[in-house]
Amino acid sequence: MILKEDSTEQKLRGAYYTPQKAARKMAEFFKDLPIRTILEPSCGNGVFVEAALDHGLLDDDGTMTAIEIEASAVQQTGERIGQQENIRLLHMDFFQYYEQHKEDPGYDLILGNPPYIRYQYLKEQQREEMSRILTEHGMKANKLINTWVGFLVACVHLLNETGKIAFVIPAEILQVAYAQELRSFLARELSQITLLTFEELVFPDIEQEILILIGEKGEQEKGIRIMELNNLDDLDTLDLDTNGFQKLSHVQEKWTKYFMNAKENKLVTCLRKDKRFRKMSDLALINIGITTGNNKYFSVTQKAVEEYELEEVVRPLIGRSSHAGSVYFQKEDWMKNVRNGKAAYLIDFPDVPVEQYPDSHKRYIAKGEENHDHEGYKCSIRERWYRVPSIWVPDAFFLRRNNLYPKFVLNCCNAVSTDTMHRIKFYEGVDPQKAVLSYYNSISFAFTELCGRSYGGGVLEILPGELGNVILPVFDDLSTEQVQKILLQVDRMVRKKDAIEEVLDLVDQELLVDGLGIDREVCTTARKIWKKMQRRRLKRG
């Protein structure tokens, strides 16, 4: 997190100006339409105003209102466009402008790139204004919501009955949980939504993945479409009419599903209803790993254990994804990590007065305080900063952030994990080996990509609630011997670093096709979905 006092003025204002190519193309989309009123709610250096003028978007008696909170940017825009009778340039806060005009919405077109300012950087009045905008439109206000959300909701409200909007916004709208209500709002208010995504970063200075949202109000709902572009140069040859719309599902789902075609989405819907599958949450409690507050301090090597005589207060630890090289995490795997000098122990100081601790343990605590390890938020709010709460031994681990694919790992040595992994505790009657085996198939891999999100850098992140929605095939009729035989094969292949597709081939054929009677084409299509979604995020690595 960037502290306010350490942030640049540009970051605090959320002012990252739109490349001219993007602004001009966004204006060009509407050049053949009758437009009398245009709004640019955060005009910055005036690139959208200039683009609108260059493409002659306004009718002869039309007007454009451009708003900007920064006086210097208003002056820059004025110098850029010169004297224009039909352009009204306002130096004010857009949220205040909205409050003054929300009772009379009527814009034909709204263009822009709203500021990306985190909640904690807003003034108290701005927080109140944005909260009011959200709650008036049936949404909850919380501290995760960025200003661009408030701008987008307010601008959609300001459109007339057939109005259109084109905004540059963060691509996180596709998938993050806090944007669920926003996605539902847009689906209700807009009859058609087009999303233009980019493989390359449009704003490389901030490594922010963005997209262009084009929305239109109207009585006839056309739905949603996603068009994937390599970079801004692809806008030169873009034809919006080449992609048809898919019907919008008016539920709080991620929009990443619309990267798939209608046939693939239909299959996903059918699989969710298929009684031969159940959700991960039906099998287990899924909890984040141990939140130590300072993994570097509490995760220690064998050398540190010996130096501070910690043998009686440490637990076996699987601390990183690189520590999990197999499906079974055995004592031998843990000992290999120990021998390789990895931080393979977690300190678990006992709940007794510190005066009863050995001198070597007190010395380790004192070392942490000398290094300010106790000053982090999680540590500082504890009664005793050096005692980590909620330590328990799970049945299995599921990696939280992953590259090619997540591993589902059986805990065979009473290990614990930090929050780099999720802790899995199976419900009574669930066979842990059967549950883990049921994950390694094309259908469950596809659902993992769909339920998780692209974290950045090509990484897939999946949170406990999302993991709970991944579906797994039901193998209740398989004998323990059959399960162990196949799972050992899977384990050997993973240890040897064989291509994971070979593992999926094995399980798909023996358990899905031969065992459950699932059509081979279903497995093939699921594999394509997995690879499509995987490739999309890896390209951003």
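Which residues is Ala 52 in contact with, leaving aside its neighbours within four places in sequence? They are Ala 27, Ile 38, Leu 57 and Met 64, where contact means heavy atoms within 4.5 Å.

The structure is a predicted model, in which local features need pLDDT of at least 70 and side-chain atom pairs count only at pLDDT 80 or more, while totals for chains, interfaces and linings use all residues. Residues are numbered from 1 along each chain as its sequence is written, and side-chain values use heavy atoms, with hydrogens and water left out.

## The chain as a whole

The protein chain has 20 helices and 22 strands. Helices (H or I, at least four residues) and strands (E, at least two) are DSSP runs, numbered from the N terminus. Taken along the principal axes, the C-alpha atoms of the chain fill a box of roughly 80 × 60 × 40 Å. Of its 541 residues, 54% count as buried. Buried means under 20% relative accessible area, exposed means over 50%, and partly exposed lies in between, with a 1.4 Å probe and protein chains only. Among contacts between residues at least 6 apart in sequence, 75% join residues at least 24 apart.

Ala 52 belongs to helix α3, which covers residues 47–54. Its relative accessibility is 4%, so Ala 52 counts as buried. Arg 24 is 28 residues away from Ala 52 along the chain, and the C-alpha atoms of the two are separated by 7.6 Å.

Leu 317 is part of strand β12, residues 314–318. Is Leu 317 buried or exposed? Leu 317 counts as buried because its relative accessibility is 0%.

## Helix α7 and its partners

Helix α7 (residues 147–158) packs with helix α6 (residues 124–136), and it also crosses helix α8 (residues 180–189). Axes are lines fitted to C-alpha atoms, for helices over the stretch in contact, and angles run from 0 to 180 degrees between N-to-C directions.

| Helix pair | Angle | Axes | Crossing |
|---|---|---|---|
| α6 and α7 | about 50° | 9 Å apart | left-handed |
| α7 and α8 | roughly 15° | within 11 Å | left-handed |

A crossing is left-handed if the near helix is turned anticlockwise from the far one by less than a right angle, and right-handed if clockwise. Angles under 35 degrees count as roughly parallel, over 145 as roughly antiparallel, 65 to 115 as roughly perpendicular and the rest as oblique.

The axes of α6 and α7 meet at an angle of about 50°. That makes α6 oblique to α7. Met 130, Ile 133 and Leu 134 of α6 make this contact with residues of α7, among them Thr 147, Val 149, Gly 150 and Val 153. By class, the contact of α6 with α7 has six nonpolar, two polar and no charged residues. Ala, Val, Leu, Ile, Met, Phe, Trp, Tyr, Cys and Pro count as nonpolar, Asp, Glu, Lys and Arg as charged, and the others, Gly among them, as polar.

The axes of α7 and α8 cross at roughly 15°. That makes α7 roughly parallel to α8. On the α7 side, the contact is made by Trp 148, Val 149, Leu 152, Val 153 and Val 156, and on the α8 side by Leu 182, Phe 185, Leu 186 and Glu 189. Here the classes are eight nonpolar, no polar and one charged.

## Cysteines and loops

How many disulfides does a search of the whole structure find? The search finds zero, a disulfide being a pair of cysteine sulfur atoms within 2.5 Å. For Cys 412, the closest cysteine sulfur is that of Cys 413, 7.1 Å away, so the two are too far apart for a bond. Cys 412 is partly exposed, at 37% relative accessible area, and Cys 379 is buried, at 0% relative accessibility.

Ser 390 is not a glycine, although its phi is positive, at about 55°. Ser 390 sits in the loop between α14 (377–380) and β15 (396–399) and is partly exposed, with 45% relative accessibility. Asn 414, also a residue other than glycine, has a positive phi near 55°. The loop that holds Asn 414 runs between β17 (408–411) and β18 (416–417), and Asn 414 counts as exposed, at 55% relative accessibility.
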